[in-house]
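Let's take a walk through this model together. Keep the 3D view open and turn it as you read.

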Amino acid sequence: MRTIRKEKRLDKFLTKSEEQKTQSKDTDTTTTSSLFTWTGHPFTDAGLVALLLLSGKKKPEELSKEDIENVVNFASRLYARKEWSSGYIHAMMLPNSGILMANPSMAKKRTPEAIKKNLLSLLNEKEDPRAPICEICGRRHARIKPVYRSDFPLVGTGGVPNYFPSGKDGANICSHCLFLAQMMPLVAYRLSRVLIIHAYPYQLMLEFHKEAIEDIKKSELASTARDFKRPENFLFEKLTEIGTKFEIGKLENASITLYYFVNNNQSQEMEVIYIPNPVLRFVAFAARVDRAGWKKIVSMGWNKGCAKRLSKKPEEIPKSCSNDVYSKLLSGGSILPYFIDFQNRKVNASWRLLSFYCSEVLGLDREALEFIKGIADRIVETVEKLPDNKLSRRIRELERAEKLYQFESFFIRVEKDRQELGIPEALMSFDDFARILTSYGEDLNVSWKTVKNLLLFRIYEKLHDRLMKASAEEVEAEENEEEFEEGGEE
Amino acid sequence: MIRVKLRAWTASFRFPTFQSGYQPTLPVPPPSTIQGILSAAKGEPVYLTQLPYVGYIFKSSGKGVDLEKIYALGKVETDIMKREFHYNAELYLYLPDEWKQYFKRPRYQLLLGRSSDLAIVEEIKENISLDEKEAPLGGTVVPIELGVPGMVHALVVEYDYSTVPRRAKLVKPFVVLPYPKTAAEKRRQTTRGFYDSELGIGVYLHRWSR
Ligand SMILES: [Zn+2]
């Protein structure tokens with residue numbers, strides 16, 4: 001391994017490696033010739049998405065002046081309508097907007113022509129080289145007229161200038177970025193707040209906002225995201241649909257951030273929901289290889305009270321209720337228990353999906369997973385030779401193991417079963433035993449309880465029918481006969 | 001190369017344009033905050049585009065939301081703002097050797113965000129050597145071209161302080177990479193680069209002077 005101590009060598013290495021990297025990756029952020037570029041800001045990027053989708057183009061440099069004028073015509077016609085102007089733009093995004101004439105005092109003068117004129121004049125606004133550069137794109141000079149939250153969502157007002165440098169003049173945003181922000185209402189989803197799905201690579205952002213444009217074309221109203229009430233539910237639903245189209249490789253470096261906000265005179269709120277890349281890839285993978293399994297997993301996560309309230313309108317549940325599976329995936333918690341239906345002693349998804357989840361999201365290495373699977377298969381090989389009632393009881397011991405010593409004694413019992421049944425070779429070596437009990441405790445997500453769930457998954461997968469038959473018979477017979485006491489005080 | 005460790009009870013890094021009502025914090029400081037810290041330490045405006053390199057790693061124990069009463073400038077009026085903040089924050093800076101003197105005796109207060117996010121210099125380590133290898137990155141921002149997945153956002157690299165008000169000098173879209181928490185996140189954020197074996201994390205050295 002090369003160690004770098006001197007600054008000169010460091011510089012050399014950096015120059016070289018960065019050049020190589022820039023060459024090998026696509027350079028969609030570095031094009032400077034076109035009128036618009038991706039900036040990395042969710043609002044201007046959303047405006048660009050609107051331009052592209054309405055023009056049937058894929059890249060900013062493909063946009064012609066004509067395309068832009070067509071979109072401006074389209075937008076102005078909608079924005080002049082009351083449903084858009086006071087009902088949406090003023091109420092949720094750009095309160096008192098002068099550019100889009102959503103300011104209630106402008107109601108009489110508001111026409112598509114007047115709005116169009118305002119929008120095009122932004123694009124023709126002369127740049128002043130003495131003005132600072134735009135803090136969003138860094139390419140142009142900021143406009144001279146101060147930019148406040150009536151023209152660009154959430155940037156603050158002149159009324160409370162505390163967060164502008166030196167307390168004056170609004171945000172430094174150029175006329176082109178400002179223009180793009182005015183196109184954002186076209187692609188935004190209207191839930192109880194406004195939702196922008198900012199995705200990289202940007203191609204993915206086009207995919208996620210296509211539906212909004214399609215809705216507008218149909219109804220001439222902003223998309224309500226199929227009446228979803230929760231942005232994350234809508235995202236996961238869409239991701240499942242889009243995931244079937246995308247190969248996993250395409251999502252290799254993808255990221256999504258949800259910006260869920262409202263910006264009006266009464267309140268300004270913003271929620272930023274980041275979807276980690278492993279989660280993205282997992283959901284896309286699930287949609288492709290085991291959609292039924294993924295559906296079952298999700299169906300176990302709905303908030304019980306909410307699902308009960310909506311039991312007469314089950315189609316509302318995915319739109320309105322919170323889901324534990326989603327929130328665990330977003331917060332880095334484990335959803336492993338949702339792969340298993342403990343009550344019915346069966347699995348909700350395939351081993352393949354489980355394995356992808358464990359390795360890609362939980363971070364369990366594949367070799368460890370195979371090791372646990374091997375142990376589970378040897379347990380199956382042993383207990384399947386037991387009579388039904390004994391089989392069911394043995395597995396129940398594993399199901400009920402809440403403490404490490406209970407987990408341990410399960411293996412010892414299976415080992416005894418093996419001897420009694422005359423199966424050659426031990427269930428596992430001492431080293432394996434130690435490994436399975438203690439090796440997976442470092443990470444909160446990968447403890448012995450993870451191992452327990454994985455073992456049960458495999459056992460249910462193989463022995464579900466017999467276990468169900470046996471547990472039905474067992475119910476009356478063994479109600480009072482527990483092998484060990486349950487739980488403790490903990 | 002030296003490594004300076006700063007610590008603060010709280011830290012908050014506003015998204016550049018979200019300043020109405022609720023101010024979420026970025027997962028890590030933007031480069032312009034690093035510029036502010038270096039400038040405060042040295043006692044004069046410092047420009048990242050003039051440094052041979054600068055690297056940083058940020059982590060915290062968690063996040064919370066504070067209610068903040070502000071007195072509107074120039075008015076007899078107050079407002080309540082919700083501000084998200086990091087709790088128990090640490091920032092490691094990787095800098096050329098000459099920076100040791102400035103962090104030994106910083107000229108002005110060092111802040112991890114706002115004026116209430118006061119930081120102390122906990123350690124200055126000299127002769128830091130970084131291995132070149134496959135390493136997990138995080139707690140920093142990296143160029144989009146690096147191809148590492150994370151939240152993409154436009155950020156100011158540095159401000160020009162020769163005028164009032166200050167002006168942005170360089171703006172770029174970055175991948176904002178939170179400090180990786182799980183093995184899976186580490187794996188996704190791994191790329192060839194420099195590695196600080198003591199901290200167990202990759203270090204991206206920015207070189208904006210090119
Ligand atoms: Zn701009």
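Start with the layout of chain A: its domain assignment gives domain 1 (36-186), domain 2 (188-333) and domain 3 (355-475), with bounds that come from an automatic or database domain assignment. Between domain 1 and domain 3 of chain A, the C-alpha centres lie 60 Å apart.

A quick word on the ground rules. This is a predicted model, where local features need pLDDT of at least 70 and side-chain atom pairs count only at pLDDT 80 or more, while totals for chains, interfaces and linings use all residues. Residues are numbered from 1 along each chain as its sequence is written, chains are lettered from A and ligands numbered from 1 in the order in which they are written, and side-chain values use heavy atoms, with hydrogens and water left out.

Now find the zinc ion. Its protein donors are Cys134(A), Cys137(A), Cys174(A) and Cys177(A), each through SG, lying 2.3 Å from the metal. Donors here are N, O and S atoms within 2.8 Å of the metal (3.2 Å for Na, K and Ca), and water is not among the atoms, so sites may look incomplete. Along the chain, the zinc donors follow the spacing C-x2-C-x36-C-x2-C. Distant parts of the chain are linked here: Cys137(A) sits in the loop between α5 (112-124) and α6 (175-187) of chain A, Cys177(A) is in helix α6 of chain A, and the two are 40 residues apart. Helices (H or I, at least four residues) and strands (E, at least two) are DSSP runs, numbered from the N terminus.

What is the geometry of the zinc site? It is tetrahedral, with angles of 105 to 114° among the four donor atoms; four donors get that label if all angles lie between 85 and 135 degrees. For reference, the ideal angle for four tetrahedral donors is 109.5 degrees. Are Cys137(A) and Cys177(A) buried or exposed? Cys137(A) is buried, with a relative accessible area of 15%, and Cys177(A) is buried at 2%. Buried means under 20% relative accessible area, exposed means over 50%, and partly exposed is in between (1.4 Å probe, protein chains only).

The loop between α5 and α6 of chain A also holds Ser166(A). Although Ser166(A) is not a glycine, it has a positive phi of about 60°, and at 47% relative accessibility it counts as partly exposed. Asp227(A), in the loop between α7 and α8 (231-245) of chain A, is another non-glycine with a positive phi, about 65°. Its relative accessibility is 43%, so Asp227(A) counts as partly exposed.

Next, look for the sheet in chain A. Four strands form an open sheet in the order β2-β3-β4-β5, with antiparallel pairing; two strands pair if DSSP finds at least two bridges between them. At the edges are β2 (189-190) and β5 (268-275) of chain A, each pairing on one side only. Helix α2 (residues 42-55) of chain A packs on this sheet, touching β3, β4 (255-263) and β5 of chain A, and its direction makes about 85° with that of β3(A). Contact means heavy atoms within 4.5 Å; axes are lines fitted to C-alpha atoms, for helices over the stretch in contact, and angles run from 0 to 180 degrees between N-to-C directions.

Two bridges join β2(A) to strand β3 (residues 194-200) of chain A in the antiparallel sense, and Arg190(A) stands opposite Val194(A) in β3(A). Follow the chain to the cis peptide bond that joins Tyr200(A) and Pro201(A), with omega about 0°. Pro201(A) is in the loop between β3 and α7 (202-219) of chain A.

Phe411(A) is buried, with a relative accessible area of 2%. Leaving aside neighbours within four places in sequence, its contacts include Ile375(A), Ile379(A), Leu427(A) and Phe433(A). Phe411(A) and Leu427(A) are 16 residues apart along the chain, and their C-alpha atoms are separated by 8.2 Å.

Finally, hop over to chain B. Strand β1 (residues 2-11) of chain B runs antiparallel to strand β6 (residues 118-125) of chain B, joined by six bridges. Ala8(B) has Ala119(B) in β6(B) as its bridge partner, and Leu110(B) also stands opposite Ala119(B). β5(B) and β6(B) form a hairpin with six residues between them, and Gly113(B) in the turn has a positive phi of about 120°.

Terms used:
Tetrahedral: all angles 85-135°; square planar, octahedral: opposite > 155°, others 65-115°.
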